[in-house]
Structure formats: C-alpha cells, structure tokens
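Subject: Structure handover

Hello,

Here is the structure we talked about. Please open it first; my notes follow below.

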Amino acid sequence: MDYLVYFLTLGCKVNSYETAAIGKLLADEGFRETEDPSQADVYIVNTCAVTGEADRKSRQMVRKARRVAPSAIVVAMGCHTQMCREETDADIVVGTDDRPKLVPLLLEKLKIRASGKTPEDLDAGTRFFEYGSVPYQENTRAIVKVEDGCNNFCSYCIIPYSRGRVRSRSREAIREEIRVMADKGYREFVITGIHLCSFEKELGRDSTALGELLDEVASIPGVERIRLGSLEPSCMTEELIAMLKANTKICPHFHLSLQSGSDSVLSRMNRKYDTVLFRKVTEKLKEAFPNASFTTDMICGFPGESEEEHRESCAFAEEIGFTHIHVFPFSPREGTKAQKMPDQVDGAVKSRRTSELRAISDKMEKARARSFVGSEVEVLVEKTGEDGSWEGYCREYIRVFGKTESPVDPGQIMTVRITETDGFDLIGERTSY
Ligand code: SF4
C-alpha cells in the first residue's frame, strides 16, 4: 500500500501530539506523509473546540480540505467533531473517544471505496487510547501525553463533554515511550495531559501519583530535563511540591492555570481555587525552586466581569509576577454554562481588557528577562546555524541565543552566561559544555 496522507492540525499541543500519533499508526500501515495537500489520498483535519472561533475554523478547514483535495478521503477528528459530528461533511468523522477506530475505518474505506458501504457506527470508548511510542517532537524536546479527559466542569469549558472523564495512560507505556525517545537522543520531556494533576485519579489516587510517575521518568537513562504541562493550583499539595523538589530533573518552570485573578470571577468560572490558594501554591513553589518561572492562562471579559474585577485580576497577575501570560478574550462556547450566563461583556471591552493584560504580561516578561543578565543558565541547544549561532531554552523556559567559534550540536546541554536581552529573549556566551 502506498497512500499519501496530509495532516492539518488546529488547537493545542495535545492535538499536535495526537496528529503525530495517528501519523505513526498510518506509517506502520505503509502511508507516507505529504506536504502537498493536493496530492493526498487522505486529508486529515484534527479539529479544535476550545472556543466558538475554533469551532468555526474547524468547519472551515474541513470544507477547505474538500476543495484542495477533491479526490481525497477527508477525515475530521478531534474535539470539534466529538461535539458536532453532524456539522462536518468529512468522509470519516471521529471524535476524541473513538480514535481507535480511525485507522481501521480508513483502511476499510480505502479498500472498499467503490462498494458504497458506509463506516460502522462509532462507539464511545472510556479507556486511554494507547498510541504506543509517538514520534512527535519540538526540536530536541519530546512531548508525552499521560492523561486524557477532565472531571472539573469549569463553566466556560467544553472539554469534559468533548473528551470525557479522566483516564490515565499506564505507567509502563509511558516509560516505554520515554525510553524509546531518550534512546533517539531526546533529553527534555514535557509531561502533558488535559488535566495533568488528575493522573490516576480514576484509580483513586491523589496528585502524588503524578510525583511518583515523574520519579520513574527521571530514572530513565538519557532523561535530563522534565517539564510539566499545565497544572491546576488546587492539585499542588505540599506533598507533590516536596516530590518535585526532590526530583532533580524537574525544570523550575510551572504553568499554573489562573484564568482570573478575581475571586468572584473564579467562583463563576467554577474553578476549584481562589487567589489565596493560588498565592500560597506559588509561595511554596518559590521556596522549593527559588528562581522558578511561572506562566499562566487568563481570560478577559468573562460574563459579568466588572471593571473592578478586571483590575483585581490585573493586580493579582502583577503580584504573582508571571514570566508570561497567555491572555484570551472570553469566547462563549456552545453547550457550556458560561454561554448562557447573563451580562456577557461587550466585544470592544473584552479586547481593551485583553490588550491591557497583555501589556502587563509583556512588561513582566521583559523585567524577568533583564533579571537574568549577569547570571549563568543551563541551555539545551535546539537549533544551530552554519555561522556558529545557536538557540535553545534554559531550564526556566526562556529562549536563549548565542554564537560560538567552535561547533555546537542540537541536543547539547551547556552553561551560558547571559550578557543582554533583546526584550523577551536572552543573549549569552557559552562558558562550558
Ligand atoms: S480544568 Fe476546567 S478548563 Fe481545564 S479542561 Fe477541565 S473543565 Fe476545561
């Protein structure tokens, strides 16, 4: 079999990971990936449903696939199709809980395309879908998914409906994937999930299960750095923080999902923490990791958000001193409680508040970068140029650039003295390997 497959992926890192995972399964069946969609026998759109805008774009991309590759089998998969199967005219539609069916369905469709048969009805799955080892990379950094689904039901979020409840990957499969990637030379592993702190929650475990998993990951030969995906503050117990501190491979960078710095807004969002808890968690993490970077996601213009609540939110963000904030204007998502809430905020107000918070983020990011000048950091080189230039990330997750006389290779870890910043990034000189 020699079919060409083209992928178009929308949304988050988990989606990118899952695209790569499907790509691997198809490669095992003899498919080859093409960069040219018009040549594709199979055109896969991995959709996203995180906002109403993402839904719209997902539909648009499936229509585009039809236009660009009229003879291809068009597959729509992912979060948007999980919720809105009827809204797409793809040939094969799978959501997030029936992905195991995608490859068999596709093979069957290709084999009997002329017979007029339609794919069987799809069942909902409830276990973690095991892809095996996935060749998804960001340069020298490997992303490893360990958990799917969420039980939290934040009022603005569709994920618990679209991806279903928490289910965790087996530790054995996680270790195996990391062993394979470490053997290939990857040194940094980003452990991720839809609600990472819920790892093994369905087995009755608390967040120390994640700490145990990270200890197991750290002991795999070749693993030099471990980063964590988005963490919910309420899961960051003293026990887990102590486990993270004791694990020398953990990078001092924590993406703690804040969403709002106003307690009344957090309550309407049905988040499971308030600013008091959030502050306490960051203090504990700072004690354990004195130079830790904190990044976060925040939403501006949640229904009913007053100017005062917005100002509280901005002030709290400044107090925490995030290295970077991913700021999103609130976008009502069909099927969520927040969509039906009264006092939806006017679009112009949302964009003005978003700009204000982004300006705060930029200011903090620049100040954080300046604070590194004169210090030494450890850089994992990701890219190199023929002129001796290199770039990579330090453990605190800030991009570092530099240039050396002697060659530097991707994957190399070296000590760098920071001499200046170009605003957000760091510029430095290698002091040792
Ligand atoms: S924690 Fe909230 S925002 Fe995050 S996936 Fe679960 S429901 Fe969505």
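This is a predicted model. I began with the ligand. Around the ligand are Cys150, Asn152, Phe153, Cys154, Cys157, Ile159, Pro160, Ile194, His195 and Glu232. By class, that shell holds seven nonpolar residues, two polar and one charged.

Next, the overall fold. The chain has 12 helices and 18 strands. Its radius of gyration is 22 Å, close to the 22 Å that the globule rule gives for 433 residues, so the chain is as compact as a globular protein of that length. The C-alpha trace spans about 70 × 60 × 45 Å along its principal axes. Of the 433 residues, 45% are buried. Among contacts with a separation of 6 or more, 74% link residues 24 or more positions apart.

Then I looked at strand 9, which covers residues 188-193. Is it covered or open? Mostly covered: five of the six residues in strand 9 are buried.

Strand 9 has two partners to look at:

- Strand 7 (residues 141-148) pairs with strand 9 in the parallel sense, over six bridges. Here arginine 141 stands opposite glutamate 188 of strand 9.
- Strand 10 (residues 225-228) also runs parallel to strand 9, and four bridges join them. In this pair, phenylalanine 189 is opposite isoleucine 226 of strand 10.

Strand 9, helix 7 (residues 208-218) and strand 10 form a β-α-β unit, and the unit is right-handed.

Best wishes

Key: Residues are numbered from 1 along each chain as its sequence is written. This is a predicted model: local features need pLDDT of at least 70, side-chain atom pairs count only at pLDDT 80 or more; totals for chains, interfaces and linings use all residues. A residue is near a molecule or strand if its C-beta atom, placed from the backbone, lies within 6 Å of it. Ala, Val, Leu, Ile, Met, Phe, Trp, Tyr, Cys and Pro count as nonpolar, Asp, Glu, Lys and Arg as charged, and the others, Gly among them, as polar. Helices (H or I, at least four residues) and strands (E, at least two) are DSSP runs, numbered from the N terminus. The radius of gyration is taken over C-alpha atoms; the globule rule is 2.2 Å times the number of residues to the power 0.38. A residue is buried if 20 or more other C-beta atoms lie within 10 Å of its own, exposed if 12 or fewer, and partly exposed in between; C-beta atoms are placed from the backbone. Two residues are in contact if their C-beta atoms, placed from the backbone, lie within 7 Å. Two strands pair if DSSP finds at least two bridges between them. A crossover is right-handed if, with the strands pointing away from the viewer, the path from the first strand over the helix to the second runs clockwise.
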